[in-house]
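Please look through the following structure slowly, one chain at a time, and keep the view open while you read the paragraphs below.

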Amino acid sequence: MNWESHKILAESNQWSAILPETALVFLALSLLLLDMFGGKPGRELIGRIAVVGQVILIFLSFTLLRNNLGIHNQETFSGMLFHSEFSQVMRIFFLLSSLLTSYLGSIFLKKNQISGTEFYTILLLITAGLMLLAQSNHFIMLFVALETVTIGFYVLVSYNRDKSNSLEAGLKYLIMGGLSTAILLMGIVLLFGLASNPELPGMSHNAMKFSDLDIFLRLNGDNVVAKTGVLLVLAGIAFKIGSVPFQIWIPDVYQGAPTPVTAALAVSSKAGGFAVLITLVSGPFKPMAELVVPVLSLTAIVTILFGNIAALTQRNVKRLIGLSGVSHTGYLLIGVVAIYSIPTAESAIVFYLITYLLASYAVLGVMAHLSVAGKDDLQELGDYQGMLKESPFLSGVLVLGLSSLAGIPPLAGFIGKLLIFYAAFQAELYALLGVAIAGIVISIYYYFGWIKEATFRFWKLPILGAEEPEAPKEWSEIGSLTRVTLGVLALLTLALGLYPGPLSSLIGG
Amino acid sequence: MTIGLNEFLVVSGLLFTIGFVGLLIRRNTLVLFMCLEIMLNGVNVALVAFSQFNGTMDGNLLVFFIITVAAAEVAVGLAILVALFRKRQTVYVQELNALKN
Amino acid sequence: MTNYSILLLGTILVPLVAALVMLGGGSLSKATTRSLATVGFSFPALASLILWINFQPTDSSGYDYLIVLPTGLERLGITLHLGLNGISVPLFFLAGIVGLAAGLYALQSEAERPQQYLMLILFMQSGLMGVFASVDIFFFYFFHELALIPTFICIGVWGERDRHSAAMEMTIYLTLGAMLSLLGLLAIYFQSDASAFNMIALKEAITTKPIEGGVQNVIFGLLLFGFGILVSLFPFHSWAPRGYAAAPTSIAMLHAGVLKKFGLYGFVQVALPLVPLGAVHWSNFLAWLALGSVVIIGLITIAQRDLKMMVGFSSVMHMGYCFLGVACVSILGAAGVILTMVAHGLTIALLFLLGHVVYRRTETFEMADMGGLVRQAPALAAIFSTAVLASIGLPGPGLLNFFGEFTVFTALWDFNEAFAFLAVLGVIISAVYGLRAVASIFFGPHSETFAKHLKENAVKDITVAEKIPTFILFAALVVIGLWPRSITDDMNRALEAEFKTIHAMLATLEIQPDEEGIEIARTAITQNR
Amino acid sequence: MNAAFLYQLLFLLPLLTAAVIACFLRTKHNLAANFSVLSGLIFSAIALFLIYVRPEGDWSVTWLTLGGSFELKFGVLFNDLSALMLLVLIIVGFLVQVFSLGYMKDDLGKARFFAGLSIFMFAMLGIVLADNLVMIFIFWELVGFSSYVLINHYFDKPSAVSASKKAFIVNRIGDFGFLLGILFVYWQFGTFDLVELEERARLSPGYLSTGMALLLFCGVIGKSAQMPLHVWLPDAMEGPTPISALIHAATMVAAGIYFSARVYFLMLPGMEVIMWVGTITAVFAAVVAFGQNDIKKILAFSTLSQLGYMVAALGLGAASSLQRHGEHAVISTGAAVAMYHLTTHAFFKALLFLGSGSVIHACHHEQDIYKMGGLYGEMKITSITFGIGVLAIGGFPFLAGFFSKDSILHLAHESDFNLVSYLLFGTTALTGLYMGRLFVVTFFGKPRSAHAERAKENGPAIVLPLVILGILSVIGGYEWFFGHTFEAVIGAIPNAEGPFKMLMIITGLLFSVGGLIVGWLVWNPSKDSDTLENVAPGLFKALVAKLYFDSIYDWYVKKVQDRGALILGFLDQLFITGLMVRGTAEIIGLMGIVSRSLHGGNIGGYVYWFAIGVVVLGAIAFGVL
């Protein structure tokens with residue numbers, strides 16, 4: 001193939017910059033069409049088409065990224081989008097996450113006998129939204145992309161509409177989400193109103209564009225309204241990433257949502273929030289370091305501690321994943337704070353997010369197999385007893401995933417934390433490091449406790465005689481696809497821990 | 001007295017606050033939806049005012065998006081609420097707390 | 001890179017590969033598992049022996065067998081940089097030998113699902129070899145963790161009484177220690193302007209631009225608490241006796257014998273040369289805690305009635321000697337630490353092993369329920385009491401233990417006579433608990449419980465299969481004990497170079513170094529305080 | 001022949017013997033015994049060659065060097081002093097081995113016993129030949145180990161088990177000081193080597209100190225069972241009698257004396273204390289001996305008492321010798337005298353112990369002298385040789401004990417410490433008396449038990465060593481016996497002359513023979529019970545209890561140490577495991593429960609979180625926070 005000609009072609013047409021997003025949308029729409037006109041055989045193909053389409057897109061985006069094709073480091077659509085290196089990586093990240101969600105979704109849909117067209121459609125739209133979100137360079141773009149994602153998630157969370165819990169979760173997510181949208185908008189409005197005020201220096205007629213706002217805030221950093229606006233925007237994002245005190249919805253929603261959606265919320269939605277946050281702190285909010293750094297530092301501290309402590313006594317695994325996810329938000333926030341002095345900390349965050357993705361999907365993938373059809377979801381820690389005996393494969397994946405989340409070497413999660421630590425060290429954030437350590441130590445308790453439930457509890461005790469295991473659970477059958485998917489996730493978790501080189505060079509830095 | 005930017009902003013702030021307080025104290029989910037709408041409308045007021053007084057169109061532009069989004073949000077919200085009402089026979093948030101702790 | 005470097009890499013890879021085969025190979029037949037495990041345990045032992053014998057550093061860094069492999073983390077200064085120097089060689093050998101003994105004993109264990117058990121121990125073995133073979137500090141830490149995780153799992157799955165809670169406590173506590181030491185190690189790197197995160201580069205960087213005194217204090221403090229927890233320094237010891245009591249024998253052998261030495265090795269290899277001023281600053285504090293380990297834990301050991309708990313506490317106590325050696329901040333003290341570590345590693349592994357051999361015969365660890373076992377198992381009695389006497393530092397079987405302790409005491413007297421006085425009390429204390437244990441297990445009349453047990457069960461003397469690992473450990477202990485120069489000559493050279501670095505560093509800090517440069521530093525810091 | 005090779009051979013021989021027995025001959029008892037004796041014979045031959053021929057050559061191996069000057073060596077320093085000690089070791093050692101062939105004939109642990117003996121010979125050899133302090137300490141501990149093993153020979157008996165334990169631990173207490181003393185010496189003089197130390201101590205005597213001397217002396221207190229660490233020796237009699245003779249009478253317990261003589265130059269500042277310790281031990285043990293009925297215990301106390309003499313001699317000698325002998329004396333007078341007494345004591349005390357062993361063996365392991373009696377009739381050789389031993393220890397003129405005791409009392413007389421002189425003098429009288437009691441009650445009168453009635457003289461393996469030791473007890477004190485081989489030691493002994501010599505002869509005669517006669521009168525052998533017990537039961541009870549030293553120590557161990565340990569263990573559980581570790585975990589767990597309960601499931605409540613968040617952020621923006 002002649003890459004050069006593609007390059008020229010790509011650069012000549014702005015639309016080619018958002019080719020993956022466009023393709024996703026078309027894919028989503030074609031799924032709807034297929035549902036309408038494809039009849040029964042067409043409907044059965046929907047899931048597969050969605051997956052195959054995403055695989056192709058991932059391959060495409062990956063090729064573009066590897067070969068430095070497409071549009072890089074420049075604005076498109078009159079400054080609405082900006083295609084940074086970082087956002088290109090995040091695109092693949094969201095696609096990957098979406099693919100895995102589709103896979104988990106197929107298990108979920110099959111088990112609950114629910115039609116899947118809307119699930120895939122919305123998922124693909126959300127993914128497109130997330131990808132645009134990561135590239136947005138303008139508050140309007142940001143808002144629209146964000147709301148696409150959020151509203152899509154409202155639907156997905158309550159997708160299991162036969163279960164009142166799923167609906168309740170959707171409702172809660174909606175109200176809290178609506179509130180946070182309002183807060184975010186208020187922030188945007190304040191910033192916009194101030195920055196377009198002709199009486200102020202550095203004012204702009206295009207004040208919602210990040211670069212203009214950057215210039216404005218450089219000159220008006222002390223303005224109270226500007227400060228308020230910045231903080232309200234941060235609050236809106238804090239809802240997405242789930243940092244204290246805007247994390248309170250997380251356990252309930254995670255618990256009620258279908259497991260694949262929980263996974264997407266935990267990974268994609270959070271990563272989307274971080275993508276925005278990183279764009280903002282390395283762009284328009286850069287001049288506000290004096291305000292943002294202490295706020296984010298404090299948030300990081302409280303988030304790490306709260307997430308871990310609240311997870312400590314949690315027995316419901318989905319809530320546990322949610323709360324532990326809160327603590328991961330805290331660790332990531334350390335990286336965000338570090339960006340202020342070490343711009344390369346960005347790649348540490350990306351690496352962390354990738355390890356988090358691998359481990360989370362591994363764990364949630366295992367969880368998806370425990371939610372048995374026709375019965376209430378098995379979500380209690382106690383349900384994991386004797387898992388090793390029932391399904392050594394799943395328990396192996398679970399152990400690797402949880403250990404990676406806990407940050408234990410030689411797994412990828414450890415390297416992720418290490419990179420964050422490196423950044424924090426270089427940024428001299430010693431207090432945050434101390435808190436992170438404390439958090440990690442606390443987190444060992446619940447991660448290891450889970451592993452303990454799954455693996456320790458049926459072995460013969462040499463001294464006290466055998467401990468009788470409870471009656472075995474019904475684990476849904478593990479197909480070869482599951483084996484491959486979860487196996488690859490677990491192996492990648494291990495491989496990236498043992499040899500992080502390729503990924504870390506891919507994400508730059 | 002002339003109505004300037006500040007007056008608009010005060011109204012906007014009031015709307016926003018009323019919405020927020022409503023969210024805090026009201027228990028009926030439908031009312032909560034309305035409160036959310038009020039908050040968003042508060043934002044809209046401010047946007048329009050800023051656009052007007054600062055002479056840019058961006059604010060007006062955003063307002064349309066907000067209205068669209070708000071509509072979508074409420075549509076989804078009502079759908080969920082109806083489905084939930086079928087299951088639980090209530091719209092009061094203090095009774096919609098099966099998911100907790 | 002020579003063929004020996006490949007051998008060095010092999011000590012890590014062979015057990016790792018064996019473990020991975022067991023992990024990924026489905027259910028292997030018993031014979032396959034056993035032969036895989038035997039290879040996985042023997043290879044590092046033999047290789048470590050060869051590497052130890054051939055050790056001849058020509059590199060100016062004092063390292064031999066250097067090998068560098070890429071990791072992709074080069075921009076973080078991390079490469080898989082392996083090599084041995086005079087300080088790590090004895091410990092590397094220790095890891096190989098204790099690993100072999102523990103592995104051979106694990107082969108005889110009646111554990112359910114032996115394949116998984118052996119797999120985890122092989123992982124551990126791989127990590128253990130890696131810890132002492134790493135020049136790169138990241139991998140030094142990394143391999144430690146690689147070995148630590150199987151420890152937790154093995155305790156949790158194949159352990160004994162209280163295994164769940166003991167495993168949990170140990171995991172959390174040791175994670176805390178590991179995290180603190182990781183912070184300390186990273187801090188050294190970031191404060192030093194070194195080009196890479198390995199000991200050679202760090203030492204070079206430190207010589208030209210030492211870390212500032214106050215920062216050194218903080219870093220050493222982090223390492224002190226981190227390593228202190230990992231090595232069960234008083235009062236952070238509570239995980240150790242409980243953990244060991246719950247651990248399966250081979251795990252206890254490997255952890256108490258080798259893995260625990262990570263922290264002390266880190267002190268000698270990393271902390272002392274790189275942050276000596278911090279070490280001097282903390283030395284009094286460290287010495288007091290170490291004395292607590294020796295005297296208080298020693299006395300608590302006397303009160304133990306459970307054999308495994310006793311061995312566990314005694315291990316904590318002996319670590320106190322090592323910490324005292326570290327607190328001296330001198331060549332002699334550091335050498336004493338290494339000697340004691342090697343001696344203690346072999347001895348404590350022996351004691352855990354033999355303790356379990358006894359348990360197989362008495363089916364209890366309660367010493368009061370034993371008694372008079374010598375009549376049924378005279379050879380076991382002889383071997384066990386010799387091992388206990390070795391552990392209490394009796395020259396003869398425990399010549400190496402004695403040399404280690406004596407060197408530490410000598411260094412300590414120079415540091416502070418009163419400390420030496422208190423530390424030597426340990427000599428009496430250990431005799432008390434050691435002999436009491438031997439007496440109540442083997443001598444005197446049978447206890448009632450044991451007499452009843454004897455009526456129902458045939459109790460035999462130690463078997464050949466049990467003797468083999470015992471013999472391996474004893475042979476290493478006695479040979480090194482009789483000819484300590486086999487390790488001390490290289491060690492001394494490395495330590496002298498290390499202290500030369502310290503002197504050079506003190507020179508740049510404008511503290512005039514003389515023959516006892518560190519003494520000057522000590523005075524200097526005392527004046528500043 | 002090169003001496004180095006002989007030294008190596010000497011060290012290797014007993015070690016290999018022990019190893020071979022331990023590994024291959026554990027169940028082949030007779031083979032093991034014969035092998036051991038044969039090896040002992042070769043050992044003795046080599047040693048004799050070394051002593052009398054003194055071949056040229058040194059042997060020294062560096063064990064390890066660290067830092068600059070820290071150097072541990074394995075080397076041999078062979079001079080007149082070590083030659084003398086070696087001579088004692090091989091004579092008594094070989095005779096005891098022969099004796100054991102008979103005495104341990106039917107023992108089940110014979111192989112173990114002989115292996116232990118070989119280890120002992122090895123360890124003792126190390127102390128004798130060592131050329132530096134650390135090596136001495138190493139073998140010092142090792143000898144304690146062999147003693148432990150051998151006392152523990154009858155491990156079925158709880159008393160033997162606890163005695164062995166006690167011996168080891170008490171010795172360790174002494175070694176505690178010893179070790180510190182070595183450290184002290186090293187940091188003062190920068191070397192462990194004895195020759196270098198002597199030189200440096202001579203050049204800079206200012207570095208010596210009382211503390212150093214007393215710390216080193218701690219080791220002697222432990223090993224030579226001086227007050228207050230004497231308690232282990234009487235208990236150590238639980239071991240087989242040949243062991244008591246060799247280890248706990250003739251050689252090992254005397255190692256402390258030998259060591260002090262070897263490093264007398266380091267001990268000088270502490271001599272006064274040393275003297276007093278020795279004197280008090282001598283008196284104390286002699287008194288307590290009256291309360292013992294166990295034949296071996298009586299002998300043990302007499303050993304204690306005689307060791308006290310030696311230690312007192314060490315102390316006295318230094319106090320007076322320095323004026324008379326020049327700085328270049330190889331050995332101080334006191335040390336020489338102590339060594340002299342050590343030698344003769346080794347002969348007659350080994351004789352007495354082996355004699356008692358013969359009696360015990362004949363009486364089927366009966367040890368109570370009031371269960372014996374009338375043995376003279378059947379066991380003539382044993383009785384006569386035992387009698388020689390009794391006379392020798394009592395100082396009967398011109399027997400071995402007379403000369404050495406004479407020189408000690410002479411030193412005491414010459415010194416400024418009159419009280420010491422009187423006490424030591426008086427103790428001589430006591431010695432005669434309790435030995436008289438022992439001899440009379442054991443061998444005369446009527447048999448007081450069935451065992452004693454059936455007692456018969458033992459076979460040649462037992463009797464022959466008795467005869468040889470009997471002869472040595474007679475001739476072992478004369479200068480011609482030593483010749484010039486040990487000139488540096490024997491030549492340094494001051495000789496009493498004139499009236500004092502006469503006094504010595506008279507009192508020696510008086511006390512030894514008088515002791516026997518008075519003993520006969522007071523403890524009439526026809527009686528079945530002890531006279532003192534009848535006359536003064538309170539005093540006797542105190543003596544039986546060894547003046548309560550053991551009770552006090554037992555009380556300390558049980559009530560203070562063990563309880564302290566338990567309490568510490570409890571506190572450890574409470575504060576460290578409980579409060580510090582679990583407490584922290586509990587607090588965090590509690591916080592976990594609290595924060596978990598914050599998730600009430602009510603949207604209204606959750607909105608408050610957002611509200612608080614917004615308010616806090618607003619406050620920050622407005623600079624309130």
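How many residues does the contact take from chain D, and how many from chain A? The model is a predicted one, in which local features need pLDDT of at least 70 and side-chain atom pairs count only at pLDDT 80 or more, while totals for chains, interfaces and linings use all residues. Residues are numbered from 1 along each chain as its sequence is written, and chains are lettered from A and ligands numbered from 1 in the order in which they are written. The answer is that chain D contributes 22 residues and chain A contributes 25 residues, where two residues are in contact if their C-beta atoms, placed from the backbone, lie within 7 Å. On the side of chain D that touches chain A, helix H26 (549-597) and helix H27 (603-621) of chain D each supply at least two residues, and H27(D) gives the most, with 12 residues. Helices here are DSSP runs of H or I with at least four residues, and strands are runs of E with at least two, numbered from the N terminus.

That side of chain D, the one touching chain A, is made up of 14 nonpolar residues, seven polar and one charged; Ala, Val, Leu, Ile, Met, Phe, Trp, Tyr, Cys and Pro count as nonpolar, Asp, Glu, Lys and Arg as charged, and the others, Gly among them, as polar.

Chain D also meets chain C, with 39 residues of chain D in contact with 41 residues of chain C. The elements of chain D that give two or more residues to this side are strand S1 (60-66), helix H5 (133-151), helix H6 (158-189) and H26, and the largest share, 14 residues, comes from H6(D). The residues of the side of chain D that touches chain C include 26 nonpolar, six polar and seven charged.

Turning to chain A on its own, we find 20 helices and four strands, and its C-alpha trace spans about 80 × 60 × 45 Å along its principal axes. Of the 509 residues of chain A, 67% count as buried, meaning that 20 or more other C-beta atoms, placed from the backbone, lie within 10 Å of the residue's own. Among the contacts in chain A with a separation of 6 or more, 77% are accounted for by residues 24 or more positions apart.

Technical notes. A residue is buried if 20 or more other C-beta atoms lie within 10 Å of its own, exposed if 12 or fewer, and partly exposed in between; C-beta atoms are placed from the backbone.
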